[in-house]
Amino acid sequence: MTLTALISSIVICSISLAYGFALRGFTSFAIWILIFGVGWLIAVWQEWKWYTPVALFLATVAAAFGLWFGFIPGWMFAGGIFALFAWDMSDFRQRLRLMAKDDDTRGIERRHLLRISLLAMLGLFLASITMLVNVQFTFEWKALLVIVILLGLGQLVGWLKR
Amino acid sequence: MYRSILLAAFVYGLLLTGLIALRGEFIALAIPFMLYLLYGFWSAPEEMDLRIERSLSNDRTTPDSEIVVTITVTNHGSDIEELFLNDNIPPNLTVRIGSPRHLFRLPKGSSHTFTYTVTGPRGSYPFETISVAAVDLFGVNRHEQFIRAKDRLFIFPEFRRLKHVSIRPRRTRVYAGSIPARVGGSGTEFFGVREYQFGDSPRTINWRVSARHDENLYSNEYQQERVADVGLVLDARTRANLLHHNQSIFESSVTAIAALSDAFLNQGNRVGLLVYGNYLGWTLPGYGKIQRERIMQALAHAEIGVSSVFAGLEHLSPRMFPPESQIVLVSSLVNDDLNVLVQLRGRGYQVLVISPDPVKFELGFLPPSSQVNLAARVIRMERDLLIHRLERAGIHVIEWDVSIPLDQAVGPVLMRQRRVL
């Protein structure tokens, strides 16, 4: 079940990004994205653990670039979210290997898949809403975001120091 | 930890880029990552309050026997979405059935039990800690802990019991036993004749001798049987045990010591053990079941070792053994051992050497060829010469072909020894 979800998410991520790029005429870039997707699948098969975080980074950067250049946001969001999904599945698969035969593997898999799917859908929904609302970056918004980021960074540093 | 840092970096990267570029799309793209991270932190496990109990089906066993390890973990803290538990089993133990690692969900107040089966060679195996790691559902937060759950498994050498081992040290202890004490008194074996004394049973009167004397009656005297001090010495030197291709004859020596200590203790003797390897492992002399347990534990720990100090048997000090007691050495013998053993014999100790035959043992691993046969003959002659010299010094040496169990190979000789010595 986990492997199927992992492979599906990699395929959807790569195809979404490639399709989004191809729609705007970036065919060669789309082919590279597909090659990158095939590479990710090979990494899963060969168990190259280093590839997954790199793939997540590359997919997010590709999605961000797509959004920057005004590509259809749905495909870009789908690419980013399914990259996150695949990254999570890949780690989850590693954890499942630690399970003994008599452990409730099915139960843990089911719960995990349910929650990550709900989370991905919620993320996609919220991102779409954000795009629909199309909030203007006023000075107040920028100030609020800067404060939130600084507070968050402070919390993160404090937490890491502990 | 690394996952949460990576995600946080992604989120902040996208938010900052969105701010710098004044593009809301980046912030929108950051939302799923933020949700993932927040959910991970929200469902992060709190401080664990676990009680773990480990029980072994048997804590004293023999090699290759199966031991069932049962672990019960009870959660007295908050719900744990994924609890990874790994029982750190000592090296050399092999898991035969099940697994010492488990991953499961453990709600508050519930408990989980699992079992696995281990087996292993002779040894002493301490179980120290169980590592537990509580992870949230997305693996963003991870709390690790080592919980102490001490247990110890002893795998004692397996041996076949010897019915009786006859020894005859010069000095015995005061308690009644089965070893002839060279002193007249009550017993079963005839010792001599003396003048009848008041209190002697009429049954002990030797009428034939008395008939030859007009004035006095004479009584039979029997040899007293007592317990003795026995010092067992296990040769754990690498040079005496490690042979071709790292094949070791040591396990056979350990088995022999186990069988001998069992036999001597059953006869009521006071038995001590010295493991002579890279250090001197001394188990003080004692009687009975407790001493048997001590010796078995020492044998479980025993292993061969190299030491320049203990390369020869010079440190086999007479002060370690009571004067004129019985010393039983189990060793495949090397040439340097001759002088030390002869000196021990000269000090009045009765020395018995049970020598696992290294030549026959090693030949079993070598391909048959004329060179191998010639080498074997040369070594055999050297060994025969050494044994001959030892026997001339009054040391009884019993060669043991380790392919035959000890009780069959040397058991009858050990029983007969009473007449030999």
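A residue is called buried if 20 or more other C-beta atoms lie within 10 Å of its own, exposed if 12 or fewer do, and partly exposed in between, with the C-beta atoms placed from the backbone. By this rule B:Leu333, with 23 C-beta neighbours inside 10 Å, is buried. The model is predicted: local features need pLDDT of at least 70 and side-chain atom pairs count only at pLDDT 80 or more, while totals for chains, interfaces and linings use all residues. Residues are numbered from 1 along each chain as its sequence is written, and chains are lettered from A and ligands numbered from 1 in the order in which they are written.

B:Leu333 sits in the loop between β15 (326–330) and α7 (337–346) of chain B. Such helices (H or I, at least four residues) and strands (E, at least two) are DSSP runs, numbered from the N terminus. Most residues other than glycine have a negative phi. B:Leu333, however, has a positive phi, near 70 degrees. B:Asp64 also has a positive phi, of about 65 degrees, although it is not a glycine. B:Asp64 belongs to the loop between β2 (60–61) and β3 of chain B, and is partly exposed, with 13 other C-beta atoms within 10 Å.

Opposite B:Ile67 stands B:Val118 in β7(B). Strand β5 (residues 94–97) of chain B is also joined to β7(B), by 3 bridges, and the two run antiparallel. Here B:Ile97 has B:Thr117 of β7(B) as its bridge partner.

Next comes the helix α1(B). Its 20 residues reach 28 Å from the first C-alpha to the last, close to the 28 Å expected at 1.5 Å a residue, where the expected span is 1.5 Å times one less than the number of residues. Among the buried residues of α1(B) are B:Leu7, B:Phe10, B:Val11 and B:Leu14. The buried residues fall within an arc of 155 degrees seen down the axis of α1(B), so they line one face of the helix; the arc is that of the directions from the helix axis to the C-beta atoms. On the other side, B:Tyr2, B:Ile5 and B:Ile20 are exposed.

Finally, 35 residues of chain B are in contact with 42 residues of chain A, contact meaning that the C-beta atoms, placed from the backbone, lie within 7 Å. On the side of chain B that touches chain A, α2(B) gives the most, with 11 residues.

Terms used
Two residues are in contact if their C-beta atoms, placed from the backbone, lie within 7 Å. Two strands pair if DSSP finds at least two bridges between them.
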